[in-house]
Amino acid sequence: MEENKKYYVTTPIYYPSGDFHVGTCYCTLMADTLARYKRLRGYDVFFMTGTDEHGQKIEEKAKARGITPKEYVDEFVAKAKDLWKVLDISYDKYMRTTDEYHVKAVQQIFEKLLAKGDIYKGEYKGLYCTPCESFWTETQLVDGKCPDCGREVKEVKEESYFFKLSKYKDRLLQYYEEHPEFLEPEKRKNEMVKNFFDKGLEDLCVTRTTIDWGIRVISDPKHTVYVWLDALTNYITALGYTTDQDEMMKKYWPADLHLVGKEIFRFHSIIWPAILMALDLPLPKKVFGHGWLVVNGNKISKSFGNYKDPRIYIRDTSVDALRYYLIKEITFGDDGNFSEDLFIEKTNSDLSNDLGNLVSRVTAMVEKYNQGIVVKNDSLPLEDIDKDLINSAEEMIPNFEKYMDDLKTNEAIAEIWKLISKANKYIDLSTPWVLAKEENKDRLNQVLYNLVETIRIVAVPLQCFFIETPSKIMNQIGVTKEEMTWESAKTFGVLKDGTKVSKGEILFPRIDKTEELFKVEDEVVEETQEEERKGIITIDELDKVELKVGQIKEVEKVAKSKKLYKLQVDVGEKELRTIVSGLVPYYKEEELLGKQVVVVTNLQPAKLCGVESNGMLLAAGDYDVVKLLVLDNNNGILENGSNIH
RNA sequence: CGCGGGGUGGAGCAGUUGGCAGCUCGUCGGGCUCAUAACCCGAAGGUCACAAGUUCGAGUCUUGUCCCCGCAACCA
């Protein structure tokens with residue numbers, strides 16, 4: 001056993017300017033997988049994610065919504081935590097740069113570097129667009145004008161503090177030289193050196209006087225600390241750096257791995273190490289710059305319509321399916337394609353056919369041939385096919401470890417699947433159904449034992465990236481948590497004699513490609529657009545929405561869709577209205593019949609799955625729980641068609 | 001000549017220090033019936049973008065050409 005088995009892994013702290021999409025999840029999911037893996041191996045893991053909450057953009061967004069920046073970021077953090085909960089991200093700490101300890105620590109770090117002479121006061125020259133309150137560089141300008149509003153920019157000078165980045169140039173280069181494993185992948189390191197060092201490192205402007213929403217410089221309060229010293233330092237302030245309670249700092253620093261996107265790789269490979277050098281702190285052991293996802297071949301953006309809430313994917317498949325695809329299909333470090341078609345294909349072939357079906361057929365056989373009881377009998381000789389299976393099973397974990405330690409998650413997973421396919425093949429070779437017919441009870445039980453034991457071993461590393469599946473498998477093959485430890489998966493034969501197997505629910509139902517999948521509900525889209533359009537509406541605008549009491553008279557499913565009901569609703573008009581609503585997952589047909597609900601009656605008609613919908617039912621909640629707004633009929637009934645105000 | 005990445009059987013990708021071109025899916029043929037129309041076996045299909053060069057030998061090194069895609073001070 002190695003001494004000091006600790007593992008500190010971080011994701012970037014995300015900037016609350018847009019909503020999360022699959023790409024955002026990817027990095028966090030990867031960190032989560034590594035954290036789970038290290039925990040299983042007995043490491044003392046500290047896994048941190050969080051949000052970078054200061055800056056002008058936040059200020060502007062909040063202003064546009066008519067709320068304070070703090071309210072804005074609080075709202076965002078709540079949403080982020082909600083998403084991480086859905087994905088079951090096992091972070092140990094959620095870091096926020098608006099947390100008090102962080103603010104104080106940043107202020108102290110600033111003063112420390114100022115006193116040391118690594119921060120000095122100077123003058124920032126830039127091209128400024130007054131209406132936009134933004135600085136631009138020469139190269140950002142469009143035809144010499146502000147890229148945002150197209151107006152003239154003027155050169156202004158602003159008093160600023162600078163960090164002596166140039167001072168650390170040689171030490172940084174030397175460090176890269178001596179620690180080839182520090183920056184990965186290799187190609188990104190080359191990019192850094194070529195692009196920036198060769199051009200020379202300029203000192204870095206670390207304060208602004210134009211931004212209010214940020215951390216004040218104590219010795220000069222008209223300045224706020226700019227992103228570099230505020231955001232990057234989160235990795236140490238979260239551990240209590242500069243405070244009395246810095247046991248965490250002693251225990252976990254230096255970080256073992258900073259996982260970052262390629263767009264911020266530069267800051268983590270140049271600026272952050274320089275800051276640490278200035279603070280006389282050791283550098284993180286590794287900074288890994290992963291690639292970006294494209295969705296269906298297109299860059300993720302709203303205009304391509306692929307900027308979807310990741311929960312859409314989970315809703316139509318499962319958390320485990322999404323986690324599997326992202327970690328298996330994308331070569332860590334490179335850009336990857338999140339193809340929705342491929343996602344379904346992979347889920348069906350790898351998860352349903354290979355893994356799910358294996359568990360299903362093995363548990364079925366144990367029930368059918370031996371009343372669910374697994375028999376261990378070591379006195380029987382092993383046949384060649386047995387030895388082959390057992391060898392593969394015992395080799396799997398060591399290979400898996402090798403790849404995981406190299407951050408090659410896709411290859412690590414491939415090792416598990418090699419064993420799964422070996423087990424499927426073993427069934428064909430050993431033909432248990434023939435043994436059953438021949439009433440060769442001993443051999444049959446031996447074969448079944450080997451299969452169940454293989455499944456147990458397979459399930460152990462699955463715990464690194466699956467949330468629901470490992471425990472489902474454990475229940476079905478009747479093993480306890482103690483029989484699922486990392487070390488136990490290295491030896492074949494741990495499974496006890498007399499283990500009770502019971503065929504349970506199907507692990508991964510096959511997904512029917514003809515179903516309409518991953519569709520963003522119209523209502524959801526409108527909601528987000530509404531939010532984009534920002535904030536407050538007047539009473540007149542509210543009056544534009546015509547709300548009436550409606551009673552559901554008929555309910556039928558829309559044939560082509562998984563989620564849509566076609567409803568006939570009485571809103572006090574001569575004829576019933578046809579309204580299509582995505583309530584199938586949340587209400588049964590009979591639950592809806594007769595309900596008096598709130599209907600938007602002047603909504604522009606829309607075709608959903610070929611059926612025209614004339615209105616919309618109001619409901620609350622999203623994804624997990626959706627509840628219709630229904631009338632309180634305790635004290636008498638309102639007529640259908642009554643106005644609502 | 002701003003920087004970088006990539007062009008490999010129908011699709012998506014792997015290919016370490018140059019040594020008979022691999023994987024998954026799909027297609028076609030066969031087998032099996034324990035299983036989620038799943039599983040197992042076999043087959044077809046590539047002049048590794050193009051051209052020249054180094055070498056006994058290049059997808060892998062050098063040079064040039066064409067095409068695609070990112071980045072260019074903060075979108076993961």
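1. Helices here are DSSP runs of H or I with at least four residues, numbered from the N terminus. The model under discussion is predicted.

2. Helix α13 spans residues 340-370 and supplies three residues to the lining of the largest cavity, the most of any contributor. That cavity has a volume of about 40 Å³. Under the rule used, the count is one cavity of 30 Å³ or more.

3. The residues lining the largest cavity include G356, V359 and S360, along with Q476 and K503. By class, the lining has three nonpolar, four polar and two charged residues.

4. Helix α13 also gives the most to the surface near RNA strand B, with 15 residues. There are 52 residues around RNA strand B, and those that come nearest are Y226, E263, K346, N357 and R361. The surface near the RNA is made up of 18 nonpolar, 17 polar and 17 charged residues.

5. Of the RNA strand B atoms within 4 Å of the protein, 68% belong to sugar or phosphate, and the rest to bases. A polar side-chain atom of N357 is 2.4 Å from a sugar or linking oxygen of RNA strand B. For K425, a polar side-chain atom lies 2.7 Å from a phosphate oxygen of RNA strand B. The elements giving two or more residues to this surface are α6 (186-197), α10 (265-278), α13 and α15 (409-430).

6. Three strands form an open sheet in the order β9-β11-β10, with antiparallel pairing. Strands β9 (207-208) and β10 (215-216) each have a single partner strand, so one side of each has no neighbour in the sheet. Two bridges join β9 to β11 (residues 224-225), and T207 has V225 as its bridge partner in β11.

Notes:
Residues are numbered from 1 along each chain as its sequence is written. Chains are lettered from A and ligands numbered from 1 in the order in which they are written. This is a predicted model: local features need pLDDT of at least 70, side-chain atom pairs count only at pLDDT 80 or more; totals for chains, interfaces and linings use all residues. Side-chain values use heavy atoms; hydrogens and water are left out. On a 1 Å grid over the protein atoms alone, a cavity is a set of points where a 1.4 Å probe fits but cannot get out, and a pocket is an open set with protein on both sides within 12 Å along at least five of seven lines; lining residues have an atom within 4 Å of a point. Grid points are joined across faces, edges and corners, and a volume is the space filled by probe spheres set on the points. Ala, Val, Leu, Ile, Met, Phe, Trp, Tyr, Cys and Pro count as nonpolar, Asp, Glu, Lys and Arg as charged, and the others, Gly among them, as polar. Two strands pair if DSSP finds at least two bridges between them. A residue is near a molecule or strand if one of its heavy atoms lies within 4 Å of it. A polar contact is a pair of N or O atoms within 3.5 Å; within protein, one must be able to donate a hydrogen and the other to accept it, and residues adjacent in sequence count only if both atoms are side-chain atoms.
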